Amino acid sequence: MPGKANPPFDPKEFLANVGEGKTILKFGKGDVIFAQGDEANTIFYIQKGRVKVVVISEQGKEAVVGILEPAQFFGEGCMKGHSVRIATTTAMEACLITVITKRAMLAALHDQPKFSELFMSYLLTRNSRVEEDLIDQLFNSSEKRLARLLLLLANFGKEGSPQQISPNISQETLAEMIGTTRSRVSFFMNKFRKLGLINYNGKIEVNSSLLNAVLYDKPEIQRDP
């Protein structure tokens, strides 16, 4: 009797379950997943929750360089020679995260084309985001940078309806991400609300009018730094 054929490989199912070289961990709000300077030998995949990425300078100054969401990887720097972590990652809310050893990750990339395709798509998307962020910092005002960040956090342009932005993302975090002060962010948020570009009552709800203001360079979103 012929043997039963193995089911087709599903990369998302692979990431959602414990297996050789894989563990599933839960983190509570405020828990440090790894700290800058820790040994780097694992890759992480977010099943649920949001993760904040912070870099700390030698003088102790902190900068938020990213907020990661479900279906995103992080910690992959260990695959390109980083022996220690170059940032600190913290759970912004309850998180469910798959932890994969470097060895298991390399094996999956080598043996499973669908998984390799998924990971490559993530890397290309992230690289594009980094380039866009650099252009944003170089050429746009802090007001326009905030507008763009709010659109990104609300998932405008992605599949599905735009989402409300979690109250866990504070004005201080927004300020660190766009390189300005909290008071400036507060001023801009109040301005956006008065213009009807956002609704702001605990959670932030971004309206499509904010997207139009950014895309078409409306005068209410200033261009001057």
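In the hairpin of strands E4 and E5, five residues lie between the strands, and Gly 60 takes a positive phi near 90 degrees. This is a predicted model: local features need pLDDT of at least 70, side-chain atom pairs count only at pLDDT 80 or more, and totals for chains, interfaces and linings use all residues. Residues are numbered from 1 along each chain as its sequence is written, and side-chain values use heavy atoms, with hydrogens and water left out.

Helices (H or I, at least four residues) and strands (E, at least two) are DSSP runs, numbered from the N terminus. The protein has seven helices and 10 strands. Of its 225 residues, 38% count as buried. Buried means under 20% relative accessible area, exposed over 50%, and partly exposed in between (1.4 Å probe, protein chains only).

Two strands pair if DSSP finds at least two bridges between them. E4 (residues 51–56) and E5 (residues 62–68) pair in the antiparallel sense over six bridges. Lys 52 has Ile 67 in E5 as its bridge partner. The open sheet has four strands in the order E2-E7-E4-E5, with antiparallel pairing. Strand E2 (32–34) and E5 stand at the edges with a single partner strand each, so one side of each is left without a neighbour in the sheet. From one strand to the next, the twist averages 30 degrees. Axes are lines fitted to C-alpha atoms, for helices over the stretch in contact, and angles run from 0 to 180 degrees between N-to-C directions. Helix H5 (residues 171–178) lies across E4 and E5, at about 100 degrees to E5.

E2 and E7 run antiparallel and are joined by two bridges. Val 32 stands opposite Thr 90 in E7. Thr 88 also lies in strand E7 (residues 88–91). Thr 88 counts as buried, at 13% relative accessibility. Its side chain reaches the backbone nitrogen of Gln 36 at 2.9 Å. Contact means heavy atoms within 4.5 Å. Leaving aside neighbours within four places in sequence, Thr 88 is in contact with several residues, among them Val 32, Phe 34, Lys 52 and Ile 56.

Now the other sheet. Four strands form an open sheet in the order E1-E8-E3-E6, and the pairing is antiparallel. Its edges are strand E1 (22–27) and strand E6 (73–74), each with a single partner strand, so one side of each is left without a neighbour in the sheet. E3 (residues 42–48) pairs with E6 in the antiparallel sense over two bridges. Phe 44 has Phe 74 in E6 as its bridge partner. Helix H2 (residues 102–111) lies across E3, E6 and strand E8 (95–101), running at about 80 degrees to E8.

Next, the cysteines. Cys 78 is buried at 3% relative accessibility, and Cys 95 is buried at 4%. A search of the whole structure finds zero disulfides, a disulfide being a pair of cysteine sulfur atoms within 2.5 Å.

Finally, Asn 207. This residue is found in the loop between strand E10 (203–206) and helix H7 (208–215). Asn 207 is buried, with a relative accessible area of 19%. Its side chain reaches the backbone oxygen of Gly 196 at 2.9 Å. Beyond neighbours within four places in sequence, Asn 207 is in contact with Phe 156, Gly 196, Leu 197, Ile 198 and Asn 199. Across the protein, residues 24 or more positions apart account for 72% of the contacts with a separation of 6 or more.

Conventions
A polar contact is a pair of N or O atoms within 3.5 Å; within protein, one must be able to donate a hydrogen and the other to accept it, and residues adjacent in sequence count only if both atoms are side-chain atoms.
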